[in-house]
Amino acid sequence: KPNMTENGFGHRERVLNVDTINPNVKRVEYAVRGPIVQRAMQIEKELKEGVKKPFTEVIKANIGDAHAMGQKPITFFRQVIALCVYPDLLEDDKFPEDAKNRARRILQACGGGSLGAYSASPGIEVIRQDVAKYIEKRDGGIPSNPDNIYLSTGASDAIVTMLKLLTSGEGKTRTGVMISIPQYPLYSAALAELAAVQVSYYLDEDKCWSLDVNELRRAVKAAREHCNPRALCIINPGNPTGQVQSRQCIEDVIRFAAEEHLFLMADEVYQDNVYTEGCQFHSFKKVLFEMGSEYSSVVELASFHSTSKCYMGECGFRGGYMEVINMDPEVKLQLTKLVSVRLCPSIPGQAMLDLVVNPPQPDEPSYATFIKERTANLHILSEKAKMTEQVLNTVPGIHCNPVQGAMYTFPRLTLPEKAINAAKEKEQAPDMFYCMKLLEETGICLVPGSGFGQRDGTYHFRMTILPGTEKLKIVLEKIGEFHKLFTEEFS
Amino acid sequence: THVCSVCLLQCNNVRIPRNISWAISGTECELQKRNMTENGLGHRVLNMDTMNPNVKRVEYAVRGPIVQRAMQIEKELKEGVKKPFTEVIKANIGDAHAMGQKPITFLRQVVALCAYPDLLEDDKFPEDAKNRARRILQACGGGSIGAYSASPGIEIIRQDVAKYIEKRDGGIPSNPDNIYLSTGASDAIVTMLKLLTSGEGKNRTGVMISIPQYPLYSAALAELAAVQVSYYLDEDKCWSLDVGELRRAVKVAREHCNPRALCIINPGNPTGQVQSRQCIEDVIRFAAEEHLFLMADEVYQDNVYAEGCQFHSFKKVLFEMGPEYSSVVELASFHSTSKCFMGECGFRGGYMEVVNMDPEVKLQLTKLVSVRLCPPIPGQALLDLVVNPPQPDEPSYATFIKERTANLDILAEKAKMTEQVLNTVPGIHCNPVQGAMYTFPRLSLPEKAINAAKEKGQAPDMFYCMKLLEETGICLVPGSGFGQRDGTYHFRMTILPATEKLKVVLKKIREFHKRFTEEFS
């Protein structure tokens, strides 16, 4: 009956219905755009239609999208892209010479001199070379081979491709992939879709979300009883937790991956977003090579980066890359073949990535403006990170770890027993119940911690630090007020 | 023997964990040897035996071995290696800009304005371009194309797509909620195939695809481990589709799988045929009778050249067949910014329209696309201009229509020329190129050549195309990459090189074929 067509014509089921659909797809969840966001969009529509609410706008603090929250694009990047898109502008005096040179260089590397041509499937060669140079410079000279660089449609694309390659086996030999709890739910979604086994390891909330190798050991040992762990994923700086792992920790993880024979996947899309004194970004590649050939010649690693975060926030361009280290040459051929089926990543995204890894240099005309914009963006994020932590920690019942990096806060909520029960009656996770109420009463859209994973009996939400500073102040204030009211209501 | 915990195979090796290296003693099995890291310090985690077996089965000839060899030759030419030619002509891929076609001015003006809105103050841009840009930017988060959009795509663009479809299909309503923008049509096609793939063994989803077909379909089915159910197009009838053949194919398929979908590319790739309206009705009727989900790949919908041929969208025909069909047949139609008159492959713009999709499945689809956030915004913007181009009362119309008409006219001329010239070659038979961007001529190959190919372990048409590449620098794709009837040989060549260059290419192919036939006589 549920599968009938509306008009009952022919009284038959649809071909594609909930029983015939791919069962793996049904198991996929992605909270960042899940039910609460759908409700937020509905509320936005209602506001537009004039429905009266306790607030005048929905504040979407659910997704790491800087431009949507008012951050301006980096001038130089958009100038070069415009020149690439419409090369007549190369005659226009309003554009600086360094922007024109970058555009010409990119266009020369495009088929027929146009962004509209397909590129080679791993990406435009000159851009892959630029990415390799960027990596070498970032990592103190450790060589990077352009042939190990694959451009992608955002980092998500490359991450899914690697997980796809890694997924094999059946039953007890089925690939297991270690992911952090909490994690960015692309990973859990991809593993569900691929029917690979998710092997969770807990980050330590009491130690600022740091990673403890003993917890990795516990997790992999338990996992080996029911699957074949083949990969370990780590997000650094972390999402949703914002921690920036110490160098020691990164070494420990590499050592663990080597001992346990795991393919390492390092999601480093927030590599420029480091705020806290004493914290520093250490790329997994760099640390791996500094540990000597005993590790650097055996550990298989894929590192991911993107144009969506850092100081540029160009989410909509879907630019990204991965660098693969010590990949089996035959597997590499398979990878190259696999990406060829989708032809190539978007050329505007590839061009944007080129500018990120090859920005204006101190001797170039656009440098002053560029560095000013870059510094301002990172500085403002740093201030907002601090403010967020401070304000939330003034609220009884909310505990917020320092936002060391990335773009989010993941504070822990103390929820009254009555609220937890009310949630259970509604068949909602308690933090979803909390966030839904917050949305309906204040228009603030966050994502409940249950969407990222958390220790049983703990509750969190993830909020971005991206709203404009004044708006963020208001948001934090309203959350504080809401939490007080909520605690009273359910006391 | 022990079971190696690394490759999980039995072998004569004893694994002695020693810090990080597995010391192997005794006889090394061949598999382990192959998967060793270069320094012999043990297996890689990710090797040919542990990797996803479905990925190994994927093939995509359009960018396969012959193209890799072509790229190598290009490098050699750059390095000054002497060859019987001075350039590689890449007639393997449907990429118009790469072969010299210029972008449509209006489309690039609007996208540039969107990328760098300071240009909205620039007098050089026409007002209609600025208005389109402002409208798109207003629909973007923070007024920037750098913001993510809703996962099915920017809402006003989906509305514009729906209006385009309604206009194209004589007023048959299109609901924007049934439109999903995508990263090229390929993205949406793979998403649909993914949704459709379920079941095990005899109940495994079977998907009917044409032979010949565009190898995205066979590649996706291999990766998903769905069952490919081939139906042959009729070469003797200009590659038309015969329902009798569909019936044969589905009947046989039902013995070993569960056919759930039927894919059709119209206008066709690689064959270029434009299916008649009658044929489209027959296919719809067949899909209804056999309870199949219809997937209509219509990315070449503006590329129709032959007199008497016309593009009929599956949606339109479906609805004109009345509610007996239009309220039951499940259909997904696909379009793209990569082909037609604009050829904007690099922007990766596209969409699908789903008709009669189960509402719960639609929720699953919406959820699935949300994981990848959204298609690239520049591609969405470009798509908006394709479906919402300058109107006759707008300043940019004259230039726009001139460029559009010129592009399509030139393609029509090249289609005709290609068919004519190739048909003058004894041993090459070329069906009319009714539409799309390719020719798929049939080759008569001498027995000796076929044997030479077999000795090399190559498909005979691969052998032919490789030799053509080495001797002339012309890169085509062998018919074996698309599928063909046993014992027949073809190649796919694009009609995209500029007219003068195309003349030279056709001439060289004619000369080569003559030489080849003589050499292997």
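1. Buried area is the accessible area that two parts lose on being put together, summed over both.

2. On the layout of chain A: domain 1 is built from two stretches, 23-70 and 371-490, while domain 2 covers 102-357. Taken over C-alpha atoms, the centres of the two domains of chain A are 27 Å apart. To their contact, domain 1 of chain A brings 36 residues and domain 2 of chain A brings 38 residues.

3. Which charged and polar links join the domains? Two salt bridges cross the interface of domain 1 and domain 2 of chain A. The side chains of Arg412(A) and Glu205(A) form a salt bridge, at 3.4 Å from N to O. Between the two domains of chain A there are also 20 residue pairs in polar contact, counting pairs with both residues at pLDDT 80 or more.

4. On the domain 1 side of this contact in chain A, helix H14 (367-392), strand E10 (408-409) and strand E14 (459-464) each supply at least two residues. H14(A) gives the most, with six residues. By class, this side of domain 1 of chain A has 16 nonpolar, 13 polar and seven charged residues.

5. Turning to the two chains, 108 residues of chain A are in contact with 109 residues of chain B. Chains A and B bury about 9,000 Å² between them, with 58% of it on carbon and sulfur atoms. Val15(A), Leu16(A) and Tyr118(A) supply 9% of the area that chain A buries against chain B, more than any other three residues.

6. How many salt bridges are counted between chain A and chain B? The count is eight. Lys45(A) forms a salt bridge with Glu155(B), and the closest N and O atoms of this pair lie 3.8 Å apart. Chains A and B also share 55 residue pairs in polar contact, both residues being at pLDDT 80 or more. The side of chain A that touches chain B divides into 48 nonpolar, 31 polar and 29 charged residues.

7. On confidence, the model scores ipTM 0.96 and pTM 0.95. Chain B has a mean pLDDT of 93, and 92% of its residues reach 70 or more. Residues 1-32 of chain B stay under 50 in pLDDT, yet the model has 65 contacts beyond four places in sequence for them. Where pLDDT is low, predicted coordinates should not be read in detail.

Key:
Residues numbered from 1 in each chain as written. Chains lettered and ligands numbered in written order. Heavy atoms only, no water. Domains from an automatic or database assignment. Contact = heavy atoms within 4.5 Å. Salt bridge = Lys/Arg side-chain N within 4 Å of Asp/Glu carboxyl O. Polar contact = N/O pair within 3.5 Å; in protein donor to acceptor, adjacent residues only side chain to side chain. Helix = DSSP H or I, 4+ residues; strand = E, 2+ residues; numbered from the N terminus. Nonpolar A, V, L, I, M, F, W, Y, C, P; charged D, E, K, R; others polar. pLDDT = per-residue confidence, 0-100. Buried area = accessible area lost by both parts, 1.4 Å probe.
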